[in-house]
Amino acid sequence: MKRKYLISLGIILGGGMLTSNLINSSSAPQALASGDQLASREPAAHHRPDGGFQNTAANLTENSSMGAILMRYLTETRVDASPSKAIPLIPLTRDDIAVLPDTQDSVIRLGHSSILLKIAGQTWLIDPVFSDRASPFSFIGPKRFHQPPITLEQLPEIDGVLISHDHYDHLDEESIKRLHHKVKRFIVPLGVEQHLLRWGVAKDKVQPLDWWQSVTQGELSITATPTQHFSGRGLWDKNQTLWASYVIQSDRSKLFFSGDSGYFGGFKEIGERFGPFDLTMIETGAYDKDWPSIHMTPEQSMQAHLDLGGRQMMPIHNGTFDLAFHSWYEPLERITALAADTNTPLVTPIVGQILDIHNAPESIAWWREFVELPALALKHQNN
């Protein structure tokens, strides 16, 4: 069991624990396909002079040392790290997706940060992770609390896949290898394309983007935007590839997907440039006092949503993998209380539930059947 937590630690704080291929991310992005547009670029302060990438916030808080965090993983008693019984799930088939009307923009949470979108008549996946473990190993590492609501085989033809960064809980090698034959296009942050090419994805299908660059596909526009995080899948490739969030716009809808991020001023800038948003999908989970710069507390996640000018908020990055010290349901409970305090419409769908972005039903706190609420408040003081 302790080894499982050590693998989790590697994913959260240092990338994966196995792959050591260095990524040449200092090269310019490949030519954009016909119809794509390039947003004006800011001075590339996030590009390191010696190659790779960096966060640029002046008040960036240092994370605790690896040794201190490792000691916590070895000694700290954890409560409700995973559900005591199977969480609710709505199974999906290819036909369920095919019958969604092109006149409706829909979102389906597949678990953790994996999202299926039917938008502008197109089908897109975001950070698809279908493997049992968020790990470089098939036999150890953070294991899913639930299966995806649809299998890779049942997925329809996919118009595009967005990848936010290369950590194992967002970029899954086995899923990409089994998916890419039915995907028309992959959009990734700079450098991440090298992983996909190594796994057999055709070069002409992959479009790397720097922050503030945009592409279009039909009436859909996608812009890579900043986050405050890090990257790496091995021991020697930290920050050699870029990390990103995304603005996704159709004629009917404007969405924001956060990827992973600590709280920083970039959310307000993105909101000023692109907001307001019909729906923000914001990282809300895997936070801790020992890594405050790379993941947000629920309070910070709510502030990010407000900075962006979001209408509805969907908390993601929770409910599927055990990646931190808090209980698995705590992020959902805390963000629910914050939403009530700020009068924010919150979308917390059951995994597999199909939501109309403009007509989402009232959320149900489905996790509360697992929760002893009086005990929950005691855990907040350490986060």
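## The largest pocket

The largest pocket has a volume of about 460 Å³ in this structure, which is a predicted model. Its lining is made up of 26 residues. Nearest the centre of the pocket lie Ser 131, Arg 133, Ser 135, Asp 172 and Glu 174.

Helix H4, which spans residues 173-179, supplies four residues of the lining, the largest share. Sorted by class, the residues that line the pocket are eleven nonpolar, seven polar and eight charged.

Rolling a probe the size of a water molecule over the atoms shows where empty space is left. In this model, three cavities of 30 Å³ or more are counted. The largest cavity holds about 110 Å³ of space. It is lined by 16 residues, and the closest to its centre are Ala 286, Phe 321, Asp 322, Leu 323 and His 326.

The lining of this largest cavity comprises eight nonpolar, seven polar and one charged residues. For the largest pocket, by contrast, the lining includes eight charged residues.

## Packing of helices H6 and H7

Two packed helices are described by the angle between their axes and the distance between the axes. Helix H6 covers residues 266-274 and helix H7 covers residues 298-308; their axes come within 7 Å and cross at roughly 25°. Angles under 35 degrees count as roughly parallel, and H6 and H7 are therefore roughly parallel to each other. The crossing in which H6 passes H7 is right-handed.

On the H6 side, the contact is made by Phe 267, Lys 268, Ile 270 and Gly 271, and on the H7 side by Ala 304, Asp 307 and Leu 308. By class, these are four nonpolar, one polar and two charged residues.

## Packing of helices H7 and H8

Helix H7 also packs against helix H8 (residues 330-342), at an angle of about 45° and with the axes 9 Å apart. That angle makes H7 oblique to H8. Here too the crossing is right-handed, as H7 passes H8.

From H7, the residues in contact are Pro 298, Glu 299, Ser 301 and Met 302. From H8, they are Pro 331, Arg 334, Ile 335, Leu 338, Ala 339 and Thr 342. The residues of this contact divide into six nonpolar, two polar and two charged.

## Backbone features in two loops

Most residues other than glycine have a negative phi, and most peptide bonds are trans. Two places in the model depart from these patterns. The peptide bond from Gly 275 to Pro 276 is cis, with omega near 0°. Pro 276 belongs to the loop between H6 and strand S11 (277-283).

Asp 80 is located in the loop between helix H2 (66-75) and helix H3 (94-98).

Methods:
Residues are numbered from 1 along each chain as its sequence is written. This is a predicted model: local features need pLDDT of at least 70, side-chain atom pairs count only at pLDDT 80 or more; totals for chains, interfaces and linings use all residues. Side-chain values use heavy atoms; hydrogens and water are left out. On a 1 Å grid over the protein atoms alone, a cavity is a set of points where a 1.4 Å probe fits but cannot get out, and a pocket is an open set with protein on both sides within 12 Å along at least five of seven lines; lining residues have an atom within 4 Å of a point. Grid points are joined across faces, edges and corners, and a volume is the space filled by probe spheres set on the points. Ala, Val, Leu, Ile, Met, Phe, Trp, Tyr, Cys and Pro count as nonpolar, Asp, Glu, Lys and Arg as charged, and the others, Gly among them, as polar. Axes are lines fitted to C-alpha atoms, for helices over the stretch in contact, and angles run from 0 to 180 degrees between N-to-C directions. Angles under 35 degrees count as roughly parallel, over 145 as roughly antiparallel, 65 to 115 as roughly perpendicular and the rest as oblique. A crossing is left-handed if the near helix is turned anticlockwise from the far one by less than a right angle, and right-handed if clockwise. Contact means heavy atoms within 4.5 Å.
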